[in-house]
Amino acid sequence: MDEKLQKVLARFGLGSRRLMEEWIAAGRVVVNGQPAKLGDRVTAQDKIAVDGAVLRIPSWVRPRLRVLRYHKPAGELTTRSDPEGRPTVFDRLPRLRGSRWITIGRLDFNTEGLLLLTNDGDLANALMHPRAGIEREYAVRVMGVVSPEQQASLLQGVPLEDGEARFATLQETGGEGLNRWYHVTLTEGRNREVRRLFEAVGLTVSRLIRVRYGVVEMPRLLKTGYFDELSDEEREALLASVQWVNPATPPSDQVEAAFGPQEWWPAQSPFEVMVGAVLTQNTAWRNVEKAIANLRAANALSVAAILTLSESDLAELLRPSGFYRIKTKRLLALCRFLKARGVDAAPEQLAQQVAGPELRRDLLAVHGVGEETADSILLYALDLPVMVVDAYTRRIGGRLGLLDDHLSYTEVQAAIEAELEPGDVAMRNALHALLVSLGKDYCRPRPRCDTCPLHTHCAYAAGQDRHRQPEQP
Ligand code: SF4
């Protein structure tokens, strides 16, 4: 399966997708010895080099998401290199193979304290985005005492050259004589914002230490110039604070975290599943339910009963499902197929007659049974490990940037199957059900991206955000 080049580069922690597009446009990326172009797609077989260094991509498995906590001393730059040769925060960090540490925000040269770094550019962007509203807490040593008037101004808002700014909280924490300590919090990360705020009310900051970034605090025992790595629990808490879904999490888990386990497919017997699979073509499920309720009320939810009905009587029962004359012929064709196979009393026995691929081929030969219908029958009525591809799957996969619009049903199915555990029926069942829930609740024709649990992983949503031109931290 191919993927967009900038997406692969971002996944390897080289920066955001937008930055990767700039690198590609600037000619810094080479694929198979040729300069890459915007719009290029790559596969696992392609050799990618950035600035002459070959990226080693063992597989399409994402590298483990990592977040470091660094205790920055004063006198280090939050930049990769400095023309004047001054020390940078990267000098003391462990090297990553085929990837780089990306700072989550910045600390000024003279500011100390907590600096988070990650190997995932998209996560860094999500945490820094103003929408995330991440709270930063600083310990500030101020020359002089903050008067009640100054405190009120700092909390209500002070005009700076790049717009008004304010602290969310400001608390005195001690100190005597000339120097006093305060703890302040704010929810954005503009350049030198804490220092400029105090300067705006006539005070000078003599020492500034960041002690917390969102849910991550600076541990007391982490010495200046040292780093540690967030534990799994700390990392997950940080991700949860911005509703970020760890890309290493299987897709079914990602959506299940938002929706919970789904009950699927709503039917009382394998034959009822088959009937539903035929009737659900081009209609909403509630219409299918009405038609099935009619069949049940007429005591006609079996192969034998349906085949004894006249075509017009059956059509009348199926009327609520829409296109009912067409569906009548299709349901009759399926019932005749089941009878011809000798499984009219127990259609689930179909799975014992032939292997799955052969059975799929036979089902596709039945009038009106297409790939989605056949696969729904195989998965939901016969418990065979087959991924169902429907309009929700295509729409969500396409918007996430995982599936191209022009792919055939078979290609989409193969792409998804490649990510799933072979033979796992429950996984396919749950994933499809969750995609349906996501498609109904969020990824509708007019998507509700702002509240979608996959927002931070979605190419479509990223494009929307870009159009809004968010403020850069
Ligand atoms: S973020 Fe938007 S486009 Fe992406 S999956 Fe969610 S609803 Fe669909």
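A charge sits over a ring if NZ of Lys or CZ of Arg is within 6 Å of the ring centre and within 35 degrees of the ring normal. With that in hand, take a look at tryptophan 23: arginine 28 lies over its face, at 4.0 Å from the ring centre. There's another case at lysine 223, whose charged end sits over the ring of tyrosine 226, 5.9 Å from the centre of that ring. Keep in mind that this is a predicted model.

| Charged residue | Ring | Distance to ring centre |
|---|---|---|
| Arginine 28 | Tryptophan 23 | 4.0 Å |
| Lysine 223 | Tyrosine 226 | 5.9 Å |

Search the whole structure and you get 1 aromatic pair. Its partners are phenylalanine 167 and phenylalanine 198, tilted at 45° between the planes and 5.3 Å apart, centre to centre. Phenylalanine 167 is in the loop between β12 (163–165) and β13 (169–174), while phenylalanine 198 belongs to helix α5 (residues 193–200), so the pair ties together parts that are 31 residues apart in sequence. Buried or exposed, what is phenylalanine 167? It counts as buried, because its relative accessibility is 1% and the cut-off for buried is under 20%. Phenylalanine 198 has 0% relative accessibility, so it counts as buried too.

You'll find it in helix α4 (residues 148–156), and at 17% relative accessibility it counts as buried. Leaving aside residues up to four places away in sequence, glutamine 150 touches Val145, Val201 and Leu203.

Now for the helix packing. Two packed helices are described by the angle between their axes and the distance between the axes. Helix α11 (residues 311–318) and helix α12 (residues 324–340) cross at roughly 115°, with axes that come within 9 Å, and the crossing is right-handed. From α11, the residues Glu311, Leu314, Ala315 and Leu318 meet Tyr324, Lys327, Thr328, Lys329, Leu331 and Leu332 of α12. Sorted by class, that contact has 6 nonpolar, 1 polar and 3 charged residues.

Helix α15 (residues 371–381) packs with helix α17 (residues 409–417) at an angle of about 35°, and their axes are 11 Å apart. Here Glu371, Glu372 and Asp375 of α15 meet Tyr409, Thr410 and Gln413 of α17. The class tally for this contact is 1 nonpolar, 2 polar and 3 charged residues.

Notes
Residues are numbered from 1 along each chain as its sequence is written. This is a predicted model: local features need pLDDT of at least 70, side-chain atom pairs count only at pLDDT 80 or more; totals for chains, interfaces and linings use all residues. Side-chain values use heavy atoms; hydrogens and water are left out. Axes are lines fitted to C-alpha atoms, for helices over the stretch in contact, and angles run from 0 to 180 degrees between N-to-C directions. Helices (H or I, at least four residues) and strands (E, at least two) are DSSP runs, numbered from the N terminus. Contact means heavy atoms within 4.5 Å. Ala, Val, Leu, Ile, Met, Phe, Trp, Tyr, Cys and Pro count as nonpolar, Asp, Glu, Lys and Arg as charged, and the others, Gly among them, as polar. A crossing is left-handed if the near helix is turned anticlockwise from the far one by less than a right angle, and right-handed if clockwise. Buried means under 20% relative accessible area, exposed over 50%, partly exposed in between (1.4 Å probe, protein chains only). Rings of Phe, Tyr and Trp (its six-membered ring) pair if their centres lie within 6.5 Å; planes under 30 degrees apart count as stacked, over 60 as edge-to-face and the rest as tilted.
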